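Trainee: Hi! I've got a new structure open and could use a guided tour. Where do we start?

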Amino acid sequence: MLLQLETEKVKYSTSSLSGFDLNNYALQLEKLMTEKKLFRDNEINLTKLSKELGISSHILSQVLNQHYNINFYEYINQFRIDEVKKQLLIKENQNLTIISIAFDAGFNSKSSFQKIFKKYVGKTPSTYMKENLK
C-alpha cells in the first residue's frame, strides 16, 4: 500500500491539482452520481463521466486514484452494488429476478455481477437477500 501511494505521488508530481481541487471534484462527482445515477448506464466509461463532470479524463482518473484510492471501475461498481443491495431489500421488487435488478443497476453480465457482488459484499446476492429481507 505504501509503495502504491509513493508511486501515485510520482505519477501526479507534475499535476497542478491541489488538495482542495481534489476534494471539490470528489464532492461534485458524488453529487452527480447520486442525483443522475450515471452508474446505471452500462456503457459508462471514464471519458463519458469526465464529460458529464466537465473535467478531463486525466483529472477524473487522478481524483479517483488519489481521493478514493480506487480506479474508475471500482468506483462505478461500488455504486452499482449499493443500488442492487438496496433494490433487493424492497418488498415490491420480490417479483423481479436478481439479475434483472443487477442489469437495471448497470451491470451487463451475470457472471461479472455475481463475482463483483461477492467481492464487495462477501456473499452471494441470494444469500444477502435471504439474510436481510424480513
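This is a predicted model: local features need pLDDT of at least 70, side-chain atom pairs count only at pLDDT 80 or more; totals for chains, interfaces and linings use all residues.

Trainee: Good. Which helix is Q87 in, then?

Mentor: Q87 sits in α5.

Trainee: Buried or exposed?

Mentor: Q87 has a relative accessibility of 19%, and the cut-off for buried is under 20%, so Q87 counts as buried.

Trainee: And what does Q87 touch, skipping residues up to four places away in sequence?

Mentor: With those set aside, Q87 touches N93 and I101.

Trainee: Let me zoom out. How many helices and strands does the protein chain have?

Mentor: The chain has 8 helices and 0 strands, so its pattern along the sequence reads α-α-α-α-α-α-α-α. Of its 134 residues, 33% count as buried.

Trainee: What about contacts between residues at least 6 apart in sequence: what share joins residues at least 24 apart?

Mentor: That share is 63%.

Trainee: Okay, on to the core. Which residues have the most contacts inside the largest nonpolar one?

Mentor: Those are L29, M33, L49, L60, Y75 and I76, in a core of 20 residues. At least two residues come from each of α2 (19-36), α3 (46-53), α4 and α5 (72-88), and α2 gives the most, with 6 residues.

Trainee: Take Y75. What does Y75 touch, again without residues up to four places away?

Mentor: Y75 touches L29, E30, M33, L64, Y68 and I70. There is also a second, separate core of 11 residues, which includes V84, A105, F107 and I116.

Trainee: I'd like to see how α5 and α7 pack. What are the angle and the axis distance?

Mentor: The angle is about 90°, and the axes are 10 Å apart. The two helices are therefore roughly perpendicular to each other.

Trainee: Which residues make that contact?

Mentor: On the α5 side they are E74, N77, Q78, I81, V84, K85 and L88, and α7 brings F113, I116, F117, K119, Y120 and V121. By class, that contact has 8 nonpolar, 2 polar and 3 charged residues.

Trainee: While we're on α7, where does Q114 stand, buried or partly exposed?

Mentor: Q114, in helix α7 (residues 110-121), counts as partly exposed because its relative accessibility is 30%.

Trainee: New topic: α4. How many residues are in α4, and what is its reach?

Mentor: Helix α4 (residues 57-68) has 12 residues and reaches 16 Å from first C-alpha to last, close to the 16 Å expected at 1.5 Å a residue. Its buried residues are L60, Q62, V63, L64 and N65. Just after α4, N69 takes a positive phi of about 60°.

Trainee: And I55, where is that?

Mentor: I55 is in the loop between α3 and α4. With a relative accessible area of 12%, I55 is buried.

Trainee: What is I55 in contact with, leaving aside neighbours within four places in sequence?

Mentor: I55 is in contact with Y25, S50 and L60. I55 and Y25 are 30 residues apart in sequence but 8.8 Å apart in space, C-alpha to C-alpha.

Trainee: Great, thanks for the tour!

Notes
Residues are numbered from 1 along each chain as its sequence is written. Side-chain values use heavy atoms; hydrogens and water are left out. Helices (H or I, at least four residues) and strands (E, at least two) are DSSP runs, numbered from the N terminus. The expected span of a helix is 1.5 Å times one less than its number of residues. Buried means under 20% relative accessible area, exposed over 50%, partly exposed in between (1.4 Å probe, protein chains only). A nonpolar core is a set of buried Ala, Val, Leu, Ile, Met, Phe, Trp, Tyr and Cys residues joined through side-chain atoms within 4.5 Å. Contact means heavy atoms within 4.5 Å. Axes are lines fitted to C-alpha atoms, for helices over the stretch in contact, and angles run from 0 to 180 degrees between N-to-C directions. Angles under 35 degrees count as roughly parallel, over 145 as roughly antiparallel, 65 to 115 as roughly perpendicular and the rest as oblique. Ala, Val, Leu, Ile, Met, Phe, Trp, Tyr, Cys and Pro count as nonpolar, Asp, Glu, Lys and Arg as charged, and the others, Gly among them, as polar.
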